[in-house]
Amino acid sequence: MQQVVYCYSPAAGWDRGLDASLDSPSTLLILFGASNSDAIALGISDLQGAFPQSQWIGCSTAGEIYGGSLIDGALVVAVLHFSRTTLRLASKEIHSPEASLEAGIQLAKALDAPDLKAVFLLTDGLSVNGSELSNGLANYLSKEVVVTGGLAADGDKFRRTWVIVDKVCTANHAVAVGLYGEHVEVSFGSRGGWDIFGPEREVTRSQGNILYELDGQPALSLYKKYLGERASQLPASGLLFPLAIRNPLEEDGLTVRTILAVSEADNSIRFAGDIPQGTSVYLMRANFERLIEGSRIAAESILARGTQNEQVVSLAISCVGRRLVLSHRTEEEIEAVTEGLPPNSLLIGFYSYGEISPLSSGRCDLHNQTMTLTSFWERSVQV
């Protein structure tokens, strides 16, 4: 596998010349860019000219990761030219959270094959129920298929997100790429680092990803009580206080959910994934050192799986809530990742509205407020 990473900024252009010789149907472009797609339109156009045969997947962000640096308003790109791996793209329109499960099933059907090794998935971050989308793929695909990815972001504005469909920035879609064959290897790691805040509570009324009541009280009113003066800044301020659901399938026993929207009309909160009625939940708040250490552990788990001497491309997907909490210390999280990854890794990534990665059971699920890593490489041919 040949690989190279690029960064485009509206002010400075590309940091290096695009290598069009890597273009082929077996080449995968992974793009993460500014939520204002007009700002990076020239960069997208350059890529369309240099890589017309390649398979593209990408999305909007709440900040781009390039090597050990955090960038805003730019476009970062990884070009992976596989020599012994087949690629296949699939996309599905999603206009409402209720359509998410079926969209996941349809994507899985489009990609499924006996030699499917892994799926990398990106989706609109506002119109989707991420846990239902993940369930659709997990319910249809073999548990041996590794499914990772993330939800597109729009900074802390929550207005419009996009994914790449047919090499164009498009809203209200999910897109996935399947990687096929015995030579491609995919490794992953995911960690949080939040502390429980307040008592355990029961979800007494919910529907899908909409939470109506906790302990018989209106959910939004209760949340506002905890947020205090930050309540006027919802939904963005809710990123600082995510909700954790008891989940024995998670390594730490908790699945974290991020707020996407609030409704004053019925005192409800819409999350990025399901909040099952009857489950026990906790509010959470940041622990700076644990957030950073969690990122390091996620990266080191990839090293533990072994890459031998192959070149590796690693994708870091972290939650916008982590960025808002860490603030000027955000680059410490990214530095922790680079220190933990294998030394032969190239790194790009983005800050998201949700992360998709396998649970400890191997089944893919939506995560929020985590640092999630996915690494790709091809094994050398054994003589």
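Visitor: At what angle do the axes of helix 2 and helix 3 cross?

Guide: The axes of helix 2 (residues 100–111) and helix 3 (residues 130–140) cross at roughly 40° and come within 7 Å. Helices here are DSSP runs (H or I, at least four residues), and strands are E runs of at least two, numbered from the N terminus. Axes are lines fitted to C-alpha atoms, for helices over the stretch in contact, with angles from 0 to 180 degrees between N-to-C directions. The model is predicted: local features need pLDDT of at least 70, side-chain atom pairs count only at 80 or more, and totals for chains, interfaces and linings use all residues. Residues are numbered from 1 along each chain as its sequence is written, and side-chain values use heavy atoms, without hydrogens and water.

Visitor: Why are helix 2 and helix 3 called oblique to each other?

Guide: Under 35 degrees is roughly parallel, over 145 roughly antiparallel, 65 to 115 roughly perpendicular, and the rest oblique. The angle is roughly 40°. Helix 2 and helix 3 are therefore oblique.

Visitor: Which residues of helix 2 and helix 3 meet?

Guide: Contact means heavy atoms within 4.5 Å. Among those in helix 2 are Leu101, Ile105 and Leu107. Helix 3 brings residues including Leu133, Leu137 and Tyr140.

Visitor: What makes Phe158 a residue with a positive phi?

Guide: Its phi is near 60°. Most residues other than glycine have a negative phi. Phe158 sits in the loop between strand 10 (146–151) and strand 11 (163–165).

Visitor: What kind of peptide bond joins Leu234 and Pro235, cis or trans?

Guide: The bond is cis, with omega about 5°. Most peptide bonds are trans. Pro235 lies in the loop between helix 4 (219–227) and strand 18 (243–246).
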